[in-house]
Amino acid sequence: MSALAINATAPIDYTEMEQVSAHLVFPELFEPSTVMLKRRKHRHPDCIASNPMYIPESENAKLALVWLMAPHQLLSLGLQGHTGTGKTELALYLADKLNLPTYIVKVHARMNPQDLEGSYVLDVENNQTVTRKEYGPAAKAYINGGILLLDEFDKASGELTSAMHLLVEGKPWPLEMFKETITKHPQCFVIGTANTYGTGHDERYITSNQMDQAFLSRFMWIETVYPNVIQESKILEKFAPRLPLHLRNDIIKLANAFRDAALGVNRDGDIEDPIQCIFSTRVVVAWAYYIQAFGVFRTLRKSLDSVFLKSVSPEDAEIVNDIVSKVFGDDIDKTLKDLLAKK
Ligand SMILES: Nc1ncnc2c1ncn2[C@@H]1O[C@H](COP(=O)(O)OP(=O)(O)O)[C@@H](O)[C@H]1O
Ligand SMILES: [Mg+2]
């Protein structure tokens with residue numbers, strides 16, 4: 001056998017690390033400089049490409065990197081913030097750039113511990129039915145290393161939270177299903193995202209559950225917030241460069257007027273009679289997309305109706321319509337064609 005053939009079949013050591021310029025990996029976060037960071041040299045098949053339209057918020061992304069680069073994760077990383085503030089995107093962005101395989105667990109109230117562990121599945125091998133062990137995403141991350149993203153983990157039931165205790169602490173984890181105990185890979189990073197700090201009873205996030213302090217104290221928390229005007233303008237410019245600037249600016253103005261009415265001008269919830277609906281960056285981006293997709297002969301109201309207004313509760317409807325009129329005036333009933341003609 002030739003040397004080449006031997007090399008071609010040699011298994012790849014996915015845990016091998018390389019030193020790379022921080023600017024090369026994260027041009028949005030680091031100026032060209034001598035700052036270096038470590039990342040996995042080879043891309044594992046379980047890596048997930050991140051959203052090319054995502055623009056990270058510098059401070060939070062750097063704090064999360066500090067956590068990822070530390071020799072030991074004394075705590076898991078908790079990303080807390082309102083819906084659509086980019087929690088999931090931040091985790092996926094960092095994982096992708098660092099070539100870390102990513103295992104997403106979309107947590108919900110009816111999920112049980114076995115969903116984290118895995119189960120036996122039936123398979124056919126040589127025309128014979130066999131039983132195969134299939135690890136769940138959390139167990140895979142624990143065994144192989146990579147990012148374990150416990151997405152929206154404040155939706156977990158009490159039973160599931162107890163099962164996650166060991167995981168977020170990095171302790172040996174007994175898998176009931178397989179009667180085996182797995183230990184945490186040194187390159188396994190556990191990140192949880194949540195709308196609340198586990199307070200439960202949140203009017204806006206009614207499916208969020210109360211979580212015990214012991215669990216919550218096992219996280220290092222980073223709070224994600226809606227982007228400021230400059231940041232959101234950059235996001236929209238990247239996402240919808242063909243929409244006229246005045247329209248992009250008005251979309252952002254509207255988003256912030258809604259956030260003022262929902263969360264207060266300081267976004268700290270200090271507001272009387274807040275509206276419950278939230279105009280997140282998710283909606284901003286979706287609206288810009290559908291304005292274009294609906295075509296030049298449809299009005300702005302038509303697409304706004306579809307991406308947002310239809311989901312507003314009757315209690316919020318009047319205030320919401322007032323805010324739309326205040327920001328857009330007559331333009332909301334104009335077609336994209338008319339708005340493109342506007343200087
Ligand atoms: N910083 C950002 N840059 C670009 N798009 C963003 C950003 N933050 C949020 N978005 C948009 O909003 C959507 C929702 O973000 P996501 O991370 O899923 O929010 P969360 O997990 O906080 O609810 C994304 O899919 C993306 O379209
Ligand atoms: Mg999310």
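**Close-up views of a predicted model**

**View 1. Phe-279 and Phe-308, a ring pair in a predicted model.** Phe-279 counts as buried because its relative accessibility is 1%, under the 20% that sets the limit for a buried residue. For Phe-279 and Phe-308 the centres lie 4.7 Å apart and the planes make 75 degrees, so that the pair is classed as edge-to-face. The two residues come from distant parts of the chain, 29 residues apart, with Phe-279 in the loop between helix H10 (245-263) and helix H11 (281-293) and Phe-308 in the loop between helix H12 (300-307) and helix H13 (314-328). Both belong to a cluster in which ring pairs link Phe-258, Phe-279, Trp-287, Phe-308 and Phe-328.

**View 2. Helix H11 and the elements that cover its buried residues.** The buried residues of H11 are Thr-281, Val-283, Val-284, Val-285, Trp-287, Ala-288 and Ile-291; of these, Trp-287 is also a member of the aromatic cluster. Among the elements that cover these buried residues are helix H9 (229-239), H10, H12, H13 and helix H14 (336-341). The length of H11 agrees with expectation, because 13 residues at 1.5 Å a residue should span 18 Å and the end C-alpha atoms of the helix are 18 Å apart.

**View 3. The stacked pair of Phe-153 and Phe-219.** The model contains 18 aromatic pairs. One of them joins Phe-153 and Phe-219, which are stacked, with 4.9 Å from centre to centre and 15 degrees between the planes. This pair, too, links distant parts of the chain, since Phe-153 lies in the loop between strand E7 (146-151) and helix H7 (158-169), whereas Phe-219 lies in strand E11 (residues 219-224), 66 residues apart. Phe-153 and Phe-219 are both buried.

View 4. Five strands, in the order E4-E7-E10-E3-E11, form an open sheet with parallel pairing. Strand E4 (102-106) and E11 are the edge strands, each of which pairs on one side only, and the twist from one strand to the next averages 20 degrees. Within the sheet, strand E3 (residues 76-81) and strand E10 (residues 188-194) pair in the parallel sense over four bridges, and Leu-79 stands opposite Thr-193 in E10. Helix H3 (residues 58-69) packs on the sheet, where it touches E3, E7, E10 and E11, and its direction makes about 165 degrees with that of E11. Helix H6 (residues 137-144) also packs on the sheet, touching E4, E7 and E10, with its direction at about 150 degrees to that of E4.

**View 5. Charged ends over aromatic rings.** The charged end of Lys-133 sits over the ring of Phe-178, at 5.4 Å from the ring centre. In a second case, the charged end of Arg-298 sits over the ring of Phe-294, at 6.0 Å from the ring centre.

View 6. Val-20 is found in strand E1 (residues 17-21) and counts as buried at 12% relative accessibility. If its neighbours within four places in sequence are left aside, Val-20 is in contact with Val-25, Val-35, Met-36, Leu-37 and Arg-39. The C-alpha atom of Val-20 is separated by 48 Å from that of Arg-298, which lies 278 residues apart from Val-20 along the chain.

Notes. Residues are numbered from 1 along each chain as its sequence is written. Chains are lettered from A and ligands numbered from 1 in the order in which they are written. This is a predicted model: local features need pLDDT of at least 70, side-chain atom pairs count only at pLDDT 80 or more; totals for chains, interfaces and linings use all residues. Side-chain values use heavy atoms; hydrogens and water are left out. Rings of Phe, Tyr and Trp (its six-membered ring) pair if their centres lie within 6.5 Å; planes under 30 degrees apart count as stacked, over 60 as edge-to-face and the rest as tilted. Buried means under 20% relative accessible area, exposed over 50%, partly exposed in between (1.4 Å probe, protein chains only). A charge sits over a ring if NZ of Lys or CZ of Arg is within 6 Å of the ring centre and within 35 degrees of the ring normal. Two strands pair if DSSP finds at least two bridges between them. Axes are lines fitted to C-alpha atoms, for helices over the stretch in contact, and angles run from 0 to 180 degrees between N-to-C directions. Contact means heavy atoms within 4.5 Å. The expected span of a helix is 1.5 Å times one less than its number of residues.
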